[in-house]
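Look at the chain below before reading on. The text then goes through it from the overall layout to single residues.

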Amino acid sequence: MLKDTDVRSVANEIFARALGPDRFDHLDVEVGSDHYGDPSFFVALYFRPGVDPRDVADVSNAHADLRQRLLDL
């Protein structure tokens, strides 16, 4: 079973690379249950000040990369 520290490490790597230092600030990972009651990880992404969070193409691609990397672990 993955731990939140594992998810945080992989997510940091992926989002930092995808968004770069000018847009990516940090992220938080919480463990909880999804709407079916299954164990889940929730990743909150924080941008640098002035970044438009509606520019989602890079975030969406990074999210897909994160999902695949976690499935591969």
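Predicted model: local features only at pLDDT ≥ 70, side-chain atom pairs only at ≥ 80, totals over all residues.

Residues are numbered from 1 along each chain as its sequence is written, and side-chain values use heavy atoms, with hydrogens and water left out.

The chain contains 2 helices and 2 strands, arranged along the sequence in the pattern α-β-β-α. Helices (H or I, at least four residues) and strands (E, at least two) are DSSP runs numbered from the N terminus. The C-alpha trace spans about 35 × 25 × 20 Å along its principal axes. Of the 73 residues, 21% count as buried; buried means under 20% relative accessible area, exposed over 50%, and partly exposed in between, with a 1.4 Å probe and protein chains only. The chain exposes about 5200 Å², of which carbon and sulfur atoms supply 51%. Such areas come from the Shrake-Rupley method with a 1.4 Å probe, and for residues only the protein chains shown count as cover.

Contact means heavy atoms within 4.5 Å. Among contacts between residues at least 6 apart in sequence, 48% join residues at least 24 apart. As for charge, the chain has 8 positive and 14 negative side chains, and the centres of the two sets lie 3 Å apart. Lys and Arg count as positive and Asp and Glu as negative, with His and the chain ends not counted; each charge is placed at NZ of Lys, CZ of Arg, CG of Asp or CD of Glu.

Helix H1 covers residues 4-19. Its 16 residues should span 22 Å at 1.5 Å a residue, and its end C-alpha atoms are 21 Å apart, which agrees. The expected span of a helix is 1.5 Å times one less than its number of residues. Which residues of H1 are buried? They are Val7, Val10, Ala11, Ile14, Phe15 and Leu19. Seen down the axis of H1, these buried residues fall within an arc of 135 degrees, so they line one face of the helix. The arc is that of the directions from the helix axis to the C-beta atoms. The buried residues of H1 pack against strand S1 (24-33), S2 and H2. After H1 comes Gly20, whose phi is positive, near 75 degrees.

Helix H2 (residues 57-72) also has its span and its buried side described. With 16 residues, H2 reaches 23 Å from its first C-alpha to its last, close to the 22 Å expected at 1.5 Å a residue. Val59, Ala62, Leu66 and Leu70 are the buried residues of H2. Viewed down the axis of H2, they fall within an arc of 70 degrees, so they line one face of the helix. Their cover includes H1 and strand S2 (39-47). On the face of H2 turned away from its buried side are the exposed residues Arg67, Leu71 and Asp72.

Leu2 lies in the segment before H1 and is partly exposed, with a relative accessible area of 26%. Not counting residues up to four places away in sequence, Leu2 touches Val7, Phe41, Leu70 and Leu73. Of these, Phe41 is 39 residues from Leu2 in sequence and 9.5 Å away in space, C-alpha to C-alpha. Val7 is among the buried residues of H1, and Leu70 is among those of H2.

Arg8, found in H1, counts as partly exposed at 27% relative accessibility. Leaving aside neighbours within four places in sequence, Arg8 is in contact with Leu27 and Val29. Arg8 and Val29 are 21 residues apart in sequence and 6.1 Å apart in space, C-alpha to C-alpha.

The C-alpha atoms of Pro21 and Arg48, 27 residues apart along the chain, are separated by 8.4 Å.

Gly32 belongs to strand S1 and is partly exposed, with a relative accessible area of 24%. The C-alpha atoms of Gly32 and Val56 are 24 residues apart along the chain and separated by 25 Å.
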